[in-house]
Amino acid sequence: MAKIVSLADGIAELVHDGDVVALEGFTHLIPFAAGHEIIRQGRRGLTLVRMTPDVIYDQLIGAGCASRLVFSWGGNPGVGSLHRFRDAVQHSWPAPLELEEHSHAGMANRYVAGASGLPFAVLRGYTGTDLPRHTATVRTVDCPFTGETLTALPALRPDVTVVHAQRADRAGNVQLWGITGVQKEAVLAARRSLVTVEELVDELTPVPGQVVLPGWAVTAVARVPGGAHPSYTQGYSVRDNDFYRDWDAISRDRDAFRAWIARHVLATEVPA
Amino acid sequence: MSAADWSADEMMTVAAARQLRDGTVCFVGIGLPSTAANLARVTHAPGLVLVYESGCLGAKPDRLPLSIGDGVLADTADAVVSVPEVFNYWLQPGRIDVGFLGAAQLDRHGNLNTTVIGGSYAEPSVRLPGAGGAPEIAASCGEVVVIVRQSRRTFTDRVDFVTSVGYGAGPDDRARLGLRGGGPRTVITDLGVLEPDPATRELTLTRLHPGVTVAQARAATGWPLAVADGLTTNEPPTPAELAALRALRATSRATT
């Protein structure tokens with residue numbers, strides 16, 4: 001049975017300096033509030049894992065929480081580049097950022113292997129690209145039945161995965177639906193997990209197409225209404241596209257970025 | 001309709017939309033590919049099936065999404081599936097007819113770069129977003145359509161990083177690498193259309209947009225651009241195409 005915790009306690013107990021941390025979400029259900037709490041608690045040396053590191057990872061990188069990034073597409077979706085990510089890669093600011101770079105198909109299958117308890121994933125991918133030359137975790141394997149050469153990638157096993165979801169009951173059973181990305185796989189691949197939810201209910205009403213993570217498969221659940229903003233939660237909120245556009249200007253300049261973090265993250269009341 | 005009535009970007013988007021045949025299944029990237037694919041769907045190809053890598057199969061948005069995971073795609077899709085399913089069940093086995101991609105750099109054999117420009121991989125001059133779904137889209141779709149603005153910075157003799165394979169170094173490379181899809185069939189730019197030469201697989205200028213000259217296209221290309229014998233000129237956008245494109249763009253602005 002998952003523990004019901006506050007966001008601050010959940011991050012304090014589950015996310016440690018130097019951990020491999022996945023905050024997943026594929027445009028939808030991105031756990032922004034949890035990312036802000038990691039910044040407030042001053043975590044350092046994290047290996048951040050995510051298929052689509054977007055604005056919350058830009059904020060974590062710019063705030064100095066990360067030393068490595070394992071990813072497949074790092075941009076501000078529909079807007080352009082992540083400037084804090086670029087500054088870290090191109091100018092090591094505020095700290096050098098080591099990259100382990102994959103494709104979406106590769107990352108998705110690495111999570112599937114992790115969730116499946118397998119040591120590696122197999123797929124057709126990467127062939128002919130320059131990715132294997134720069135990414136040590138890309139190898140090949142020969143099919144034992146046909147002899148075909150396929151791409152092999154090690155399973156992803158984050159120390160902790162954090163996702164946001166629509167709701168949970170008091171035993172920590174979680175419902176999430178809409179665009180579900182790789183959230184289920186990332187939670188099941190991780191050693192520990194924290195799910196932030198819009199609401200805690202006494203009884204979960206079945207929803208067509210829902211994904212349920214049973215309470216016994218989740219470490220902790222925290223109630224954080226609006227915890228995905230400026231991302232969105234299907235059925236609860238819409239994506240704040242204006243914020244994503246505004247982020248481009250805020251994040252281009254180091255001082256403007258620091259001022260934004262100071263005002264909107266560090267000076268923000270920790271949700272109880 | 002005269003050139004004064006439409007922009008080079010509008011001509012490019014309309015030309016790209018015309019590439020998509022009704023009833024085909026298209027894997028769509030965000031930005032220009034998404035705009036062109038939705039334009040095709042609301043004009044000549046109502047049965048075009050749009051697949052977004054966020055897991056939305058058969059999305060029919062009534063406004064342009066800002067990102068591949070906007071709620072309007074999930075709300076209007078035939079099915080919403082997980083990301084592993086999109087890549088493993090739908091893309092990898094060859095169920096997608098057309099992959100529709102953009103790029104930061106492209107070379108004469110249609111290889112695409114969306115990773116780094118200049119310097120080294122570890123210390124690049126410009127760090128781009130990276131691969132996303134593109135390498136496997138380029139490898140596995142029946143054919144690939146590329147939409148990209150043409151300039152010497154973009155159309156380069158050698159891409160700085162091969163993110164997605166076109167024809168590799170020449171005609172036999174896709175077979176040698178075991179890539180199952182057909183590779184780039186068409187490259188649409190703001191100046192015209194390039195298609196691979198059947199023998200060499202080198203991208204060749206086959207069509208110009210109205211008012212554009214071969215000299216302009218050559219000046220915007222970082223390799224000696226071959227021109228097809230039967231070079232033709234595209235039809236300008238029809239009033240109906242332009243109206244539909246502008247209506248799409250207006251709805252996206254109005255709702256964000």
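Predicted model: local features only at pLDDT ≥ 70, side-chain atom pairs only at ≥ 80, totals over all residues.
Local features need pLDDT of at least 70, side-chain atom pairs count only at pLDDT 80 or more, and totals for chains, interfaces and linings use all residues, while side-chain values use heavy atoms, with hydrogens and water left out.

**The interface**

Begin by selecting chains A and B together, where 42 residues of chain B are in contact with 47 residues of chain A, contact meaning heavy atoms within 4.5 Å. The two chains bury about 3700 Å² between them, 58% of it on carbon and sulfur atoms; buried area is the accessible area, taken with a 1.4 Å probe, that two parts lose on being put together, summed over both.

Between chain B and chain A there are three salt bridges, a salt bridge being a side-chain nitrogen of Lys or Arg within 4 Å of a carboxyl oxygen of Asp or Glu. Select A:E148 and B:R180 to see a salt bridge between their side chains, at 3.9 Å from N to O. On the side of chain B that touches chain A, at least two residues each come from α3 (71–75), α4 (83–91), β9 (124–127) and α5 (134–140) of chain B, where helices (H or I, at least four residues) and strands (E, at least two) are DSSP runs numbered from the N terminus. That side is made up of 22 nonpolar, 14 polar and six charged residues; Ala, Val, Leu, Ile, Met, Phe, Trp, Tyr, Cys and Pro count as nonpolar, Asp, Glu, Lys and Arg as charged, and the others, Gly among them, as polar.

**Two helix pairs in chain A**

Next select residues 241–252 and 254–266 of chain A, helices α8 and α9, whose axes come within 5 Å and cross at roughly 120°. Axes are lines fitted to C-alpha atoms, for helices over the stretch in contact, with angles from 0 to 180 degrees between N-to-C directions. Show the side chains of A:F243, A:W247, A:I250 and A:R252 on α8(A), and of A:R254, A:A256, A:F257 and A:W260 on α9(A), which make the contact.

Now move to α2 (residues 32–40) of chain A and α3 (residues 55–62) of chain A, which pack at an angle of about 0° with their axes 10 Å apart, and are therefore roughly parallel to each other. Here A:F32, A:G35, A:H36, A:I38 and A:I39 of α2(A) meet A:V55, A:I56, A:Q59 and A:L60 of α3(A), and this contact has six nonpolar, three polar and no charged residues.

Staying on α2(A), select A:E37 and A:R40, whose side chains meet in a salt bridge of 2.9 Å, N to O; being three residues apart in the helix, they are separated by about one helical turn. The C-alpha atom of A:R40 is 9.5 Å from that of A:I261, although 221 residues separate them along the chain.

**Backbone sites in chain A**

Finally, go to the loop between α4 (83–91) and β7 (98–101) of chain A, which holds A:P94, and look at the cis peptide bond joining A:W93 and A:P94, with omega about 0°. A:S92 also lies between α4 and β7, and its phi is near 55°, a positive value in a residue other than glycine. Another stop is the cis peptide bond from A:H229 to A:P230, with omega near 10°, where A:P230 lies in the loop between β15 (220–223) and α8 of chain A.

How values were computed. Residues numbered from 1 in each chain as written. Chains lettered and ligands numbered in written order. Parallel < 35°, antiparallel > 145°, perpendicular 65-115°, else oblique.
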